[in-house]
Amino acid sequence: MEIKRYFLSRSNNTRRMEKIESIEYIVITSSRYNGFSALKNRNIIEKIKYKEDKEFSCHYIVDLKGNILNIIPEKEKAICTNNVEIDSKSISIMLTIDDKGEYTSVELMSLRKILYKLMKKYKLEKENIVLEYDVNCSRRPFTLVDEPILLYNLI
């Protein structure tokens, strides 16, 4: 599994460079932009630093082709759920969706691989993998909220 690194620049809205003390969760969310590559999603997040009313980031982006892009170092907090308690002790992964709001099989296979890697590295169990929906009731990631069995079949 190849993971490319292209870190966000420092910004109060996306990358505050605050350290994470311990990892207790993996949070899965999804992009608001259908069909965009991991790099295009990363670049959209990078531009959030110029907006006064928005905050968002994640550690990893997995796109429809299965590409994985690391945009925040694992030792730093991301602003994924806007729940400080959860964001301060989690690694976040953002999935992309196609024009129908679905995930590709290759994307889900890449998600599976990175989940296993992170679970092993941080000694996490299945119960420690949560959807953004579980934290803040946002309907993200779309299909996994509607059909949670998909996630449990992955891990």
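Which residues are linked with Glu24 in a network of salt bridges? Glu85 and Lys89 are linked with Glu24 in that network. A salt bridge here is a side-chain nitrogen of Lys or Arg within 4 Å of a carboxyl oxygen of Asp or Glu.

This is a predicted model, in which local features need pLDDT of at least 70, side-chain atom pairs count only at pLDDT 80 or more, and totals for chains, interfaces and linings use all residues. Residues are numbered from 1 along each chain as its sequence is written, and side-chain values use heavy atoms, with hydrogens and water left out.

**View 1. The protein has six helices and six strands.**
Helices (H or I, at least four residues) and strands (E, at least two) are DSSP runs, numbered from the N terminus. The order of elements from the N terminus is β-β-α-β-β-α-β-α-β-α-α-α. Of the 155 residues, 49% count as buried. Buried means under 20% relative accessible area, exposed over 50%, and partly exposed in between (1.4 Å probe, protein chains only). The protein exposes about 8,400 Å², and carbon and sulfur atoms supply 49% of it. These areas come from the Shrake-Rupley method with a 1.4 Å probe; for residues, only the protein chains shown count as cover. Among contacts (heavy atoms within 4.5 Å) between residues at least 6 apart in sequence, 73% join residues at least 24 apart.

**View 2. The largest nonpolar core has 21 residues.**
A nonpolar core is a set of buried Ala, Val, Leu, Ile, Met, Phe, Trp, Tyr and Cys residues joined through side-chain atoms within 4.5 Å. Ile26, Ile93 and Leu111 have the most contacts inside this core. Two or more residues come from each of β2 (25-30), β3 (60-62), β5 (90-95), α3 (105-122) and β6 (129-131). Helix α3 gives the largest share, six residues. Another core, of 15 residues, lies apart from the largest one. Cys58, Ile61, Ile71 and Ile86 are among its members. In soluble globular proteins, nonpolar side chains tend to be buried together.

**View 3. Ser110 sits in helix α3.**
Ser110 is buried, at 11% relative accessible area. A polar atom of its side chain lies 2.7 Å from the backbone oxygen of Gly66. Beyond its neighbours within four places in sequence, Ser110 is in contact with Val62, Gly66 and Ile68.

**View 4. Cys58 and Cys80 form no disulfide.**
What keeps the sulfur of Cys58 from a bond with that of Cys80? The two sulfurs are 6.4 Å apart, too far for a bond. Cys80 is the closest cysteine to Cys58 by sulfur position, and for Cys80 the nearest cysteine sulfur is that of Cys58. A disulfide is a pair of cysteine sulfur atoms within 2.5 Å. The structure holds zero of them. Both cysteines are buried: Cys58 at 0% relative accessibility and Cys80 at 3%.

**View 5. Glu55 and Arg16 meet in a salt bridge.**
The structure holds eight salt bridges. In this one, the N to O distance is 2.5 Å. Glu55 lies in the loop between α1 and β3, and Arg16 in the loop between β1 (3-5) and β2, so the pair ties together parts that are 39 residues apart in sequence. Glu55 is partly exposed at 35%. Arg16 is partly exposed as well, at 25%.

**View 6. Lys89 pairs with Glu24 in a salt bridge.**
The N to O distance is 3.8 Å. Lys89 is in the loop between α2 (84-87) and β5, Glu24 in the loop between β1 and β2. The two residues are 65 apart, so this pair links distant parts of the chain. Lys89 is buried at 17% relative accessible area, whereas Glu24 is partly exposed at 32%.

**View 7. Lys49 and Glu46 meet through their side chains.**
Their salt bridge has an N to O distance of 2.9 Å. Lys49 is partly exposed at 26%. Glu46 is buried at 14%.

**View 8. Asn43 belongs to helix α1 (residues 38-47).**
Asn43 is partly exposed, with 28% relative accessibility. Its side chain makes a polar contact of 3.0 Å with the side chain of Arg42. A polar contact is a pair of N or O atoms within 3.5 Å; within protein, one must be able to donate a hydrogen and the other to accept it, and residues adjacent in sequence count only if both atoms are side-chain atoms. Leu8 is 35 residues from Asn43 along the chain, and their C-alpha atoms are separated by 8.4 Å.
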